[in-house]
Amino acid sequence: MDGVTAPNVVAAVSESRLWDRLMAMARIGGFATPEGDQGVNRPCLSALDREARRLLIGWAEAAGASVSVDPAANLFLRWEGADPSLAPVLTGSHMDSQPQGGRFDGIYGVLAGLEVIEALAASGARPHRPVEVVAWTNEEGGRFAPGCTGSMSFTGFKPMSAFDGIVDADGVRYADALAQHLAEEADLARRPLGYVPHAFIEAHIEQGPRLEAEGQDVAVVTGIQGSRWFTVTVEGRTDHAGTAPLSLRKDAVQDALRAITALNVLMHDPSDVLRFTVGSVTVEPGTSNSVARRVVFTIDLRHPDEGVLRPRGDAIPGVVQAALRTCTARVHERFTAWPADFGPTVPEAVARAAAALGLKAIRLPSGAFHDAQFLAPVCPTGMIFIPCRNGVSHHPGEYAEPAQCANGARVLTEAIIKLAGRP
Ligand SMILES: [Zn+2]
């Protein structure tokens with residue numbers, strides 16, 4: 001590193017610069033709630049998304065980074081290494097938000113990555129390997145579901161064309177939104193889709209309560225729990241609520257309740273690690289004086305251990321069928337992501353970085369999705385979590401302290417310096 005030691009670089013991380021940038025980004029798509037919270041609604045591939053990216057690009061170029069975009073609209077900020085031919089250390093996260101999102105989820109990891117570049121620039125450090133910061137396209141899936149389409153395309157988890165036909169609430173196709181977006185960024189340098197990074201490391205708010213509750217500064221994330229999403233359609237027959245005897249009904253609500261009750265028994269976990277959620281229930285015709293002819297409900301099942309996730313998920317169709325009394329049901333698995341184990345390389349680098357900086361750290365798996373999930377099969381991967389107030393995320397009340405944000409950026413900087421190496 002040109003004779004510069006890591007402490008000099010880490011000391012150049014600026015809490016105030018990082019915080020001011022977080023707040024500047026929060027104004028793009030920002031809104032206030034009646035309760036006084038400050039939220040963000042910044043859909044991917046939108047004009048607001050492009051405005052935020054232009055702001056980021058301006059900062060990055062001023063710091064001396066080079067900017068490029070790949071065919072999936074993933075945005076890269078590159079700090080050149082002493083040997084440009086080597087695979088970069090890649091860091092970053094996403095800039096899109098949930099429709100009623102907060103000011104930190106995603107954008108924090110991008111701006112923390114930019115802070116690494118700022119610190120390298122300020123200290124004149126030139127690591128052995130290039131360092132790249134990425135803003136992945138459409139992590140949240142708030143506009144185009146499912147999310148993580150940018151990182152899935154980059155890693156080849158799915159071909160880009162797999163997402164072409166996804167439509168948003170206004171009927172806009174993903175492929176068309178992507179094409180328009182790339183046309184509006186035609187002045188930016190293009191790069192090919194995908195490469196194998198030397199390592200990937202993503203900084204993010206925890207989205208859970210543990211760091212705050214335990215008074216920790218950062219988490220060394222060990223992996224991401226797996227998820228299986230199902231849609232269950234219970235078919236009955238509509239009848240008049242006042243005239244049809246109960247014995248003759250095919251009441252889809254009653255059978256859906258039986259199915260959900262049986263699923264709760266199936267999913268019972270005394271250790272409270274398994275996550276089972278029925279988050280959406282729609283009833284047709286959905287009037288108070290009609291027997292329901294159809295109920296559609298969703299299941300979101302998550303667990304860090306494939307040995308649990310696989311058999312419990314596989315048992316869902318049989319348990320639903322057995323619980324029905326008069327109706328029929330279809331179970332459709334619409335999304336599957338098996339657990340990702342980050343292995344030792346990057347988590348150890350994060351743990352050593354936190355220890356070197358005197359920060360308190362614990363190890364934990366991530367309960368939420370992240371782009372890192374799709375990098376893990378491709379290269380050594382890890383994440384750094386910082387505390388968030390009350391564990392709240394995907395909500396305007398989402399909050400992290402300026403000092404907590406800076407601590408995460410310092411750990412990220414230290415870890416990246418070690419991963420990128422000396423010349
Ligand atoms: Zn996120």
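This is a predicted model: local features need pLDDT of at least 70, side-chain atom pairs count only at pLDDT 80 or more; totals for chains, interfaces and linings use all residues.
The largest pocket holds about 1100 Å³ of space. Its lining is made up of 43 residues. Closest to the pocket centre are Gln225, Arg302, Gly367, Ala368 and Phe369. By class, the lining comprises 16 nonpolar, 17 polar and 10 charged residues.

At least two residues each come from strand 12 (275-277), strand 15 (294-303), strand 16 (328-337) and strand 18 (361-366). Strand 15 gives the most, with four residues. The position of the largest pocket can also be described by domain. Domain 1 covers 6-224 + 339-420, and domain 2 covers 226-337. Both domains give residues to the lining, so the largest pocket lies between them.

The second largest pocket has a volume of about 150 Å³. Its lining consists of Leu246, Arg249, Asp251, Gln254, Asp255, Arg258, Arg325 and Thr326. Five of these residues are charged, two are polar and one is nonpolar.

A zinc ion is also present in the model. Three residues coordinate the zinc ion: His94 through NE2, Asp105 through OD and His204 through NE2. The distances run from 2.0 to 2.2 Å. Along the sequence, these donors follow the spacing H-x10-D-x98-H. Asp105 and His204 link distant parts of the chain, as they are 99 residues apart. Asp105 sits in the loop between strand 5 (89-94) and helix 4 (107-123). His204 belongs to strand 8, which spans residues 199-205. Both Asp105 and His204 are buried.

The cysteines were examined next. A disulfide is a covalent bond between the sulfur atoms of two cysteines. The model contains zero disulfides under the distance rule applied, which asks for two cysteine sulfur atoms within 2.5 Å. Cys379 illustrates this result: the nearest cysteine sulfur, that of Cys148, is 15 Å away. Cys379 is therefore in no disulfide, because 15 Å is not within the 2.5 Å limit.

The cut-off for a buried residue is under 20% relative accessible area. Cys327 has 9% relative accessibility, so Cys327 counts as buried. Cys379 has 5% relative accessibility and therefore also counts as buried.

Key. Residues are numbered from 1 along each chain as its sequence is written. Side-chain values use heavy atoms; hydrogens and water are left out. On a 1 Å grid over the protein atoms alone, a cavity is a set of points where a 1.4 Å probe fits but cannot get out, and a pocket is an open set with protein on both sides within 12 Å along at least five of seven lines; lining residues have an atom within 4 Å of a point. Grid points are joined across faces, edges and corners, and a volume is the space filled by probe spheres set on the points. Ala, Val, Leu, Ile, Met, Phe, Trp, Tyr, Cys and Pro count as nonpolar, Asp, Glu, Lys and Arg as charged, and the others, Gly among them, as polar. Domain bounds come from an automatic or database domain assignment. Donors are N, O and S atoms within 2.8 Å of the metal (3.2 Å for Na, K and Ca); water is not among the atoms, so sites may look incomplete. Buried means under 20% relative accessible area, exposed over 50%, partly exposed in between (1.4 Å probe, protein chains only).
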